[in-house]
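Trainee: Please take a close look at the aromatic rings in this model. I would like one connected account of how they pair.

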Amino acid sequence: DQAEIASIREMTRTFRTLDNAHGGGFVREQAVRFLDREVTPLLRNGSFGGPAGVELLRASAELTQLVGWMSYDGAQHGLSQRYFIQALRLAKAADDECLGAEILSAMSHQASYLGQGSSAVDLARVAARTAAVTGVPVLIAEAYVLEAQGHAERKDEKACAVALHAAEVTLDKADRSHDPQWISYFDEAYMSAKFGHCFRALGQAREAERFAKRSLDMDPAYVRGRAFNLSLLATSYAQQGEVEQACQVGRQAVSLARGLNSKRAVRYISDLAGVLATVADHEDVQLFRAEAAQLVGAA
């Protein structure tokens, strides 16, 4: 009934808030337990139809996608992909093109993170075609910027620039008043972070620095995202040989990451330590690398 569907949505919002503040590993076990014990029996054994059935499928898809994100954040990539695919099936059963586009974008996001640029581009393009049906511009902008990130992973600077421009133009024209609640995270700060990641991957460190600075003008509730963005800024400094600034900002990222249960946050810091090792043999670098190694060991 509607009360059960409302409880699924409320739990999903709670899990999402905890995930953003503490990392996927902090709350994934509880989210999986809720999905398995409370939601799956409704889908498997429940008697439902009409609007209530659609809402149950949609709410289940949102939760399943979130568990996929948590698994991705915990570096359980095969498991994460299976959750994303299941979420996509549920969204399709609910005939929810908006959520389908968002899930495809999540899969593109993960592919870029894994260095699979061609897959990221393909998934982002499918997400864009799906989003175009919905008439929700922010979903199209998200797909464009994730396509750009895939091109950046492939070192295709021209295609990346075209997709970034399309994302920027689309977001500028977007009326956000009718967006689904779950896309509220996609704002100027998030977009700037994606631009920064593209320029970092292309080796354009000064541009990456410019957008990484913009990305820090963000909602403080996204603690994990701030750790990511600080690592991005520190890496842009390191790529320019600005060692002291890189270490200073990197320590801020380490400080946040210590309070998170996020393998992605740890990896970004580990990658930063690797970049610093190639640009300078400096006391600050040695101290930072020791902090980063301690964090990696704890993770």
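Mentor: Start with the criterion: rings of Phe, Tyr and Trp pair if their centres lie within 6.5 Å, with the six-membered ring used for Trp. This is a predicted model. Searching the whole structure on that basis gives 10 aromatic pairs. Take Phe-186 and Tyr-190, one of them. Their ring centres are 5.4 Å apart and their planes meet at 50 degrees, so this pair is tilted. Phe-186 has 0% relative accessibility and counts as buried. Tyr-190 is partly exposed, at a relative accessible area of 21%; the buried class needs under 20%.

Next, Phe-195 and Phe-211. This aromatic pair is tilted too, at 5.0 Å centre to centre and 40 degrees between the planes. Phe-195 belongs to helix H9 (residues 188-201) and Phe-211 to helix H10 (residues 205-215), so the pair ties together parts 16 residues apart in sequence. Both Phe-195 and Phe-211 are buried.

Now the cluster. Ring pairs join Trp-69, Tyr-72, Phe-84, Tyr-113, Phe-228 and Tyr-268. The charged end of Arg-264 sits over the ring of Tyr-72, 4.6 Å from its centre. That of Arg-267 sits over the Tyr-113 ring, 4.1 Å from the centre.

Beyond its neighbours within four places in sequence, Ser-231 is in contact with Tyr-268, Ala-253 and Ile-269. Ser-231 lies in helix H11 (residues 223-239). Its relative accessibility is 3%, so Ser-231 counts as buried.

How values were computed
Residues numbered from 1 in each chain as written. Predicted model: local features only at pLDDT ≥ 70, side-chain atom pairs only at ≥ 80, totals over all residues. Heavy atoms only, no water. Helix = DSSP H or I, 4+ residues; strand = E, 2+ residues; numbered from the N terminus. Buried < 20%, exposed > 50% of the residue type's maximum accessible area, 1.4 Å probe, protein only. Contact = heavy atoms within 4.5 Å. Phe/Tyr/Trp six-rings, centres within 6.5 Å; stacked < 30°, edge-to-face > 60°. Lys NZ or Arg CZ within 6 Å of the ring centre and 35° of its normal.
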